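Reader: Show me the model, please. After that I will ask what each label rests on.

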Amino acid sequence: MMGVGAQALLQWRIILLLGLILPIAIVADQFFEPFNVSYDHRSLVIGGQRRMLISAGIHYPRATPEMWPDLIAKSKEGGAEVIETYTFWNGHEPVRGKYYFEGRYDLVKFAKLVGSNGLYLFLRIGPYVCAEWNFGYYTSSHYFLMFLCNLMFDLQNIDSILLYVFPMQCNVLLLWLSCNLWLKFTGQLVFGFPVWLRDIPGIEFRTDNAPFKEEMERFVTKIVNLMREEMLFSWQGGPIIMLQIENEYGDVEHSYGSKGQEYVKWAANMAIGLGAGVPWVMCKQSDAPEFIINTCNSYYCDGFTPNSNKKPIFWTEDWDGWYTTWGGRLPHRPVEDLAFAVARFFQRGGSFQNYYMYFGGTNFGRTAGGPFYITSYDYDAPIDEYGLLSQPKWGHLKDLHAAIKLCEPALVAVDSSQYHKLGPKQEAHIYHNKGDEGKLSSSQSGDDRCSAFLANIDEHNAASVRFQGRVYTLPPWSVSILPDCKNVAYNSAKTDREKQRLRSGESNVRNYGSEALNVGAQKSITELDSDLALISNTSVLQKSLHQDRSSLISEGWMTLDEPVGVWSDHNFTVQGILEHLNVTKDSSDYLWYFTRIYVSGDDILFWKRNGVNPALTIDSMRDVVHIFVNGKLVGILQRH
């Protein structure tokens, strides 16, 4: 039996213990000491210090939550200091006013994993995202894609024609003229917006339209407030250092006229008014207001200039590959060209660069957008679709990031570089915060910082250049990085395979194995035939499967079984062809049409006597049409 004194003592001990535990629990998710983020004309300023930052693009819904820790860790190991992601409106608000932040859409969990790894987060709220995501690409233009397809088939004993259209996110008009089918598609295509958004009366997407702005502001506010409640902004000790509003709107703004310009101003002011406390950006938006950083998305951004000399140079999408369409080839960007582009960006004054994508992942379920994108979103990224390192891309970029990191003290110490012409197509940019251009010191002691980038922008010929009394050999289309203005730490064209070739004394042929190195602004992407493309690290994957096959088999596999053909629980009869999304509400990519055509014996006799074959003519379509006659596939028309 416990006495009163002992009970009191135990009670105090419990209270004291709780008093110790509760403060720890409160700050457990504080990943950093709270810090402010601002910017000047040179870079982001984090905790009072300018920073040169490498960012890795990872879309959280394109991986399983079980993959997230490893993907983030591999990004950090590869030299990234920031993780970038969109938010996905149709995933987070599938039903108006009902939000979903679980499973692959657990944005808070993803953000906290980023912070727990000591990395920053760049959150691109949009909410328009593009991203080759279902219902995520939009244009106000109406598409009149005119094709003519004559499908010749034997109509003897014909019973029915089955028309399968995939996916038709368009308005449709049908006219029957004898045996001819006329399809005319017009419409709006959107990626990332919830399908219910289009059913709001009077709505017009991404313009100065009150119903759309009301819904957009509500979602953006929801995300910002959620991040604030979870203590995820930098000034709260969280990882979020930057946000994005809208996305590549400059590409379509002209089609809206003055309403587009007003929409840009409204979106910017709305975002700033949410009080997130970190900088906002707009990508590909040359008329972004003075308090929003306009940024570059492209294969090369070393020549990009923001719309104000008070803004830094940011590269929000460095396209290190591309997406793949059904029946298309697998895009491939050589790492030598990618590394050249990144090195040139920092050489010429850039300070924030994000790989789109560092990990591409998978379009699970029906999240793949259109027209006609495949479920894989591998993107030829440094980390492949399965979470494996894609070599030599990952390793060569890791070395690049390490070299840039060595240059960071010099890069942030000055406002601009010193330019030296070294040859017809060779140049140097020197970042030195002490001394004059003619007498550069390589000393890194004290505040004397010096780093240099030597570039050869000749696509075909190597060059020897003299810099600070030394001779440097620069391969074609390459950048050498000298963190101390003296010793070469990295050259963008010299991957491990190239260094090995040089050591073995092979001739200087610009062909690396089976991959021809195509460089230059018009040659940044090569395409591999589908039958030649190999999954990165296939042997490693196969080995692991043989070693422990059971451990790699999920117990939670799900399949989606949709009926093939028109007969299902949801069939109905209608005159003409309907707009796809009005019928399916985005519950299916498939919409089947079934009709019967009576062909008499006299018709068949007439065709035979006159050598005439009946033709089904499709004058306009969106993505793809499959034609079945009497249950037999007789033709496919695909948009190219």
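Author: Helices here are DSSP runs of H or I with at least four residues, strands are DSSP runs of E with at least two, and both are numbered from the N terminus. Thr207 sits in the loop between strand S10 (180–186) and H5. The model is predicted, with local features needing pLDDT of at least 70 and side-chain atom pairs counting only at pLDDT 80 or more, while totals for chains, interfaces and linings use all residues. Residues are numbered from 1 along each chain as its sequence is written, and side-chain values use heavy atoms, leaving out hydrogens and water.

Reader: What makes Thr207 buried?

Author: A residue is buried under 20% relative accessible area, exposed over 50% and partly exposed in between, using a 1.4 Å probe and protein chains only. Thr207 has a relative accessible area of 0%, so it is buried. Leaving aside residues up to four places away in sequence, Thr207 touches Phe212, Lys213, Tyr249, Tyr256, Lys259, Gly260 and Tyr263; a contact means heavy atoms within 4.5 Å. Over the 640 residues of the protein chain, 53% count as buried.

Reader: How do you know that the span of helix H5 agrees with its number of residues?

Author: The expected span is 1.5 Å times one less than the number of residues. H5 has 20 residues (210–229) and should therefore span 28 Å; the C-alpha atoms at its ends are 28 Å apart, which agrees.

Reader: What caps the N-terminal end of H5?

Author: Asn209 does, with a side-chain oxygen 3.0 Å from the backbone nitrogen of Phe212. Just after H5, Met231 has a positive phi of about 60°. Among the buried residues of H5 are Phe212, Met216, Phe219 and Ile223. The buried residues of H5 pack against elements including helix H4 (107–116), strand S6 (120–126) and helix H6 (258–272).

Reader: Why is H4 called mostly covered?

Author: Eight of the ten residues of H4 are buried. They are Leu107, Val108, Phe110, Ala111, Lys112, Leu113, Val114 and Gly115. The elements they pack against include S4, H2, H3 and H5. Just after H4, Gly118 takes a positive phi of about 75°.

Reader: What makes the pair Tyr60 and His92 a polar contact?

Author: A polar contact is a pair of N or O atoms within 3.5 Å; within protein, one must be able to donate a hydrogen and the other to accept it, and residues adjacent in sequence count only if both atoms are side-chain atoms. The side chains of Tyr60 and His92 make such a contact at 2.7 Å. Tyr60 lies in the loop between strand S4 (53–58) and helix H2 (68–77), and its relative accessibility of 0% makes it buried. Tyr60 also touches Leu107 and Phe110, among others. Tyr60 and Leu107 are 47 residues apart in sequence, while their C-alpha atoms are 7.4 Å apart.

Reader: Why are H7 and H8 called roughly parallel?

Author: Axes are lines fitted to C-alpha atoms, for helices over the stretch in contact, and angles between N-to-C directions run from 0 to 180 degrees. Under 35 degrees counts as roughly parallel, over 145 as roughly antiparallel, 65 to 115 as roughly perpendicular and the rest as oblique. Helix H7 (residues 335–347) and helix H8 (residues 393–413) pack at about 10°, with axes 10 Å apart. The pair is therefore roughly parallel. Residues in the contact include Leu338, Val342 and Phe346 of H7 and Leu397, Leu400 and Ile404 of H8.

Reader: What classes of residue make up the contact of H7 with H8?

Author: There are ten nonpolar, one polar and one charged residues. Ala, Val, Leu, Ile, Met, Phe, Trp, Tyr, Cys and Pro count as nonpolar, Asp, Glu, Lys and Arg as charged, and the others, Gly among them, as polar.

Reader: Which peptide bond at Met357 is cis?

Author: The bond from Tyr356 to Met357 is cis, with omega near 5°. Met357 is in strand S16 (residues 352–359). Gln391 and Pro392 are also joined by a cis bond, with omega about 10°. Most peptide bonds are trans, and most residues other than glycine have a negative phi.
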